[in-house]
Amino acid sequence: MAKEANLTELGRFLKARRAELTPADLGVPADADHRRVPGLRREEVAHLASISVQYYTRLEQGRLKASAPVLVTLAEVLRLDDDQQTYLLELAGKDAQRPRRPRAPEVRPQTRRLLDTLGTPAIVLGRRMDILAWNPLAAALLTDFSQLTDKQRNYARLVFSDSEMRRRYANWEKVAPDCVAFLRMEAARHPDDPRLTELVGELSIKDPHFRQWWAAHNVAAQTTGVKTLRHPLVGELTLDWETLAVAADPDQQLVVWTAAPGTPSHEGLAFLASWVTTHPPTTTNNAPGTTTQAGAPSPRPQ
């Protein structure tokens, strides 16, 4: 009877926390019609947690025991703090199985110095395609990462959710499915990563293209490729990108963009680099030791 009471309380607890959130809190598109109940709908929570609506409904009804990884994922989706997550797992009898929260990824000072010395755009990507560090030329090429929150600084999230980034890629129809394939590969390597599950659930709700490409189960490793950007200041740039492993941390990769010498794209990058050089950084990124530029360069002479 005690176990059944705990499952009932667990369901009530999930329902109460769900009622406290709004679609805007998690970036979920709001419906035009008025909601009959406050907070997120069950199906929205289920999608964000990558579980079925029936499964989540039975959890709230106290009719189902969930595994610790599923409960931790729900804790992430519902924005539970440490005490609330502990309570949730204790109700389910899973506290002894509570996964440790992963350490925040750190970029080594040596890698940051390498970023600063490169004469080409470069970023450090972590697990889930999180943008951990960048150099000023990458900020000038893509976006001012220092103005984004930690959650927003994710390459796949920007490609699908940021309208400016979406317009900037002339070959978005190639770039976007590649991001999905990279994430699918990460999901195979880290199937119990709750933040990756949350990211996939969020993008699946927000974007029908993401849902379609995720369902296709295509996979790819981040190695090399070509991206074409419509830069508002230097025009169209066709850039080769290369991914280099960071030996000190297998979860981190250095991504660099280059252009073939003698091409208009090479000249465009050179102009951008010269502007960055003559304008000292004035804003500092949230990640210690990395800086970006304030303002933007004037269009280069034609």
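The side chains of Ser-146 and Asp-144 are joined by a polar contact of 2.6 Å. A polar contact is a pair of N or O atoms within 3.5 Å; within protein, one must be able to donate a hydrogen and the other to accept it, and residues adjacent in sequence count only if both atoms are side-chain atoms. Ser-146 also makes a side-chain polar contact with Gln-147.

| Side chain | Partner side chain | Polar contact |
|---|---|---|
| Ser-146 | Asp-144 | 2.6 Å |
| Ser-146 | Gln-147 | 3.3 Å |

This is a predicted model: local features need pLDDT of at least 70, side-chain atom pairs count only at pLDDT 80 or more, and totals for chains, interfaces and linings use all residues. Residues are numbered from 1 along each chain as its sequence is written, and side-chain values use heavy atoms, with hydrogens and water left out.

Where is Ser-146 found? Ser-146 sits in the loop between helix 7 (136–141) and helix 8 (155–161). Helices (H or I, at least four residues) and strands (E, at least two) are DSSP runs, numbered from the N terminus. Ser-146 has a relative accessible area of 9%, so it counts as buried (under 20%, with a 1.4 Å probe, protein chains only).

Now the strands. Strand 5 (residues 253–258) pairs with strand 1 (residues 122–125) in the antiparallel sense, over four bridges. Two strands pair if DSSP finds at least two bridges between them. Here Val-124 stands opposite Leu-254 in strand 5. Strand 4 (residues 235–245) also runs antiparallel to strand 5, and six bridges join them. Thr-243 has Val-255 in strand 5 as its bridge partner. In a regular strand, side chains alternate between the two faces of the sheet.

Definitions and conventions
Buried < 20%, exposed > 50% of the residue type's maximum accessible area, 1.4 Å probe, protein only.
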